[in-house]
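Here are my notes for your reading of this model. Please keep the structure open as you go through the points.

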Amino acid sequence: SSKIGNLEVKGADDIAVLEDCVDFSLAKAISKIEDKLERGGSPDCLDDGGIPSVGSKIGAEAQIRLLKAKVRVMQEELDSTVCECRKKDDENQNLKSQLKNNEAENTRLQRMISMQHSQTEKYKMLSQEANKKSEGLQQEVIALEKVFQ
């Protein structure tokens, strides 16, 4: 298990004890080690702040234990990232499904709006026709009233 603050790394074989190391970054440390190895250097001189160590030089067994601990930590981070990716994929699928449903609902509502618009236009024309007919009948009534008066 890892504990930040007084960073202690414990595991099988009592791997390493890293004390007073709040700014420790595994990615930076591994990057520095890889750079040293690529330049032909040996990673046994790691007191440049990259990896905290008890002494200025650590033995091969300690390096192996430290690297194994790093591999375990990186594997845990990988597992966590994979799990997070799966959750994001599930969430993405749910959102795609919601989007599809929303698009279908939008299409249905657009059709309904179109139908209601055409019905509104139809009733406006019927209303106009009824108004014209009513005006014609009112004119007829006025003419008849004049005739019978």
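**Notes on the model**

Arg 65 and Glu 61 both belong to helix α2, which spans residues 60–147, and they sit four residues apart, about one turn of the helix. Helices (H or I, at least four residues) and strands (E, at least two) are DSSP runs, numbered from the N terminus.

1. **Ground rules.** This is a predicted model: local features need pLDDT of at least 70, side-chain atom pairs count only at pLDDT 80 or more, and totals for chains, interfaces and linings use all residues. Residues are numbered from 1 along each chain as its sequence is written, and side-chain values use heavy atoms, with hydrogens and water left out.

2. **Layout.** The chain has two helices and two strands. Read from the N terminus, the order is β-β-α-α.

3. **The Arg 65 pair.** What links the side chains of Arg 65 and Glu 61? They meet in a salt bridge, at 3.9 Å from N to O. A salt bridge is a side-chain nitrogen of Lys or Arg within 4 Å of a carboxyl oxygen of Asp or Glu. Arg 65 is partly exposed, with a relative accessible area of 28%. Glu 61 counts as exposed, at 60%. The cut-offs are these: buried is under 20% relative accessible area, exposed is over 50%, and partly exposed is in between (1.4 Å probe, protein chains only).

4. **The other salt bridges.** How many salt bridges does the structure hold? It holds three. One of them joins Glu 105 to Arg 108, with the closest N and O atoms 2.6 Å apart. These two residues are three residues apart in helix α2, so about one helical turn separates Glu 105 and Arg 108. Both ends are partly exposed: Glu 105 has a relative accessible area of 35%, and Arg 108 has 37%. Another salt bridge joins Glu 121 to Lys 124, where the closest N and O atoms are 3.9 Å apart. Glu 121 and Lys 124 also lie in helix α2, three residues apart, about one turn of the helix. Glu 121 is partly exposed at 34% relative accessibility. Lys 124 is partly exposed too, at 46%.

5. **A nonpolar patch.** Which residues make the nonpolar surface patch of about 360 Å²? They are Leu 144, Val 147 and Phe 148. Patches are made of residues with over 30% relative accessible area and no salt bridge; like charges are joined within 9 Å, nonpolar side chains (Val, Leu, Ile, Met, Phe, Trp, Tyr) within 5 Å. Val 147 is found in helix α2. Val 147 is exposed, with a relative accessible area of 61%.

6. **Cysteines.** The structure holds zero disulfides (a disulfide is a pair of cysteine sulfur atoms within 2.5 Å). Cys 83 is in no disulfide; its nearest cysteine sulfur belongs to Cys 85, 9.4 Å away. Cys 85 is in no disulfide either, and its nearest cysteine sulfur is that of Cys 83. Cys 83 is partly exposed at 37% relative accessibility. Cys 85 is partly exposed at 44%.

7. **The whole chain.** Of the 149 residues in the chain, 13% are buried. The chain exposes about 12400 Å², and carbon and sulfur atoms supply 53% of it. Accessible areas come from the Shrake-Rupley method with a 1.4 Å probe; for residues, only the protein chains shown count as cover.
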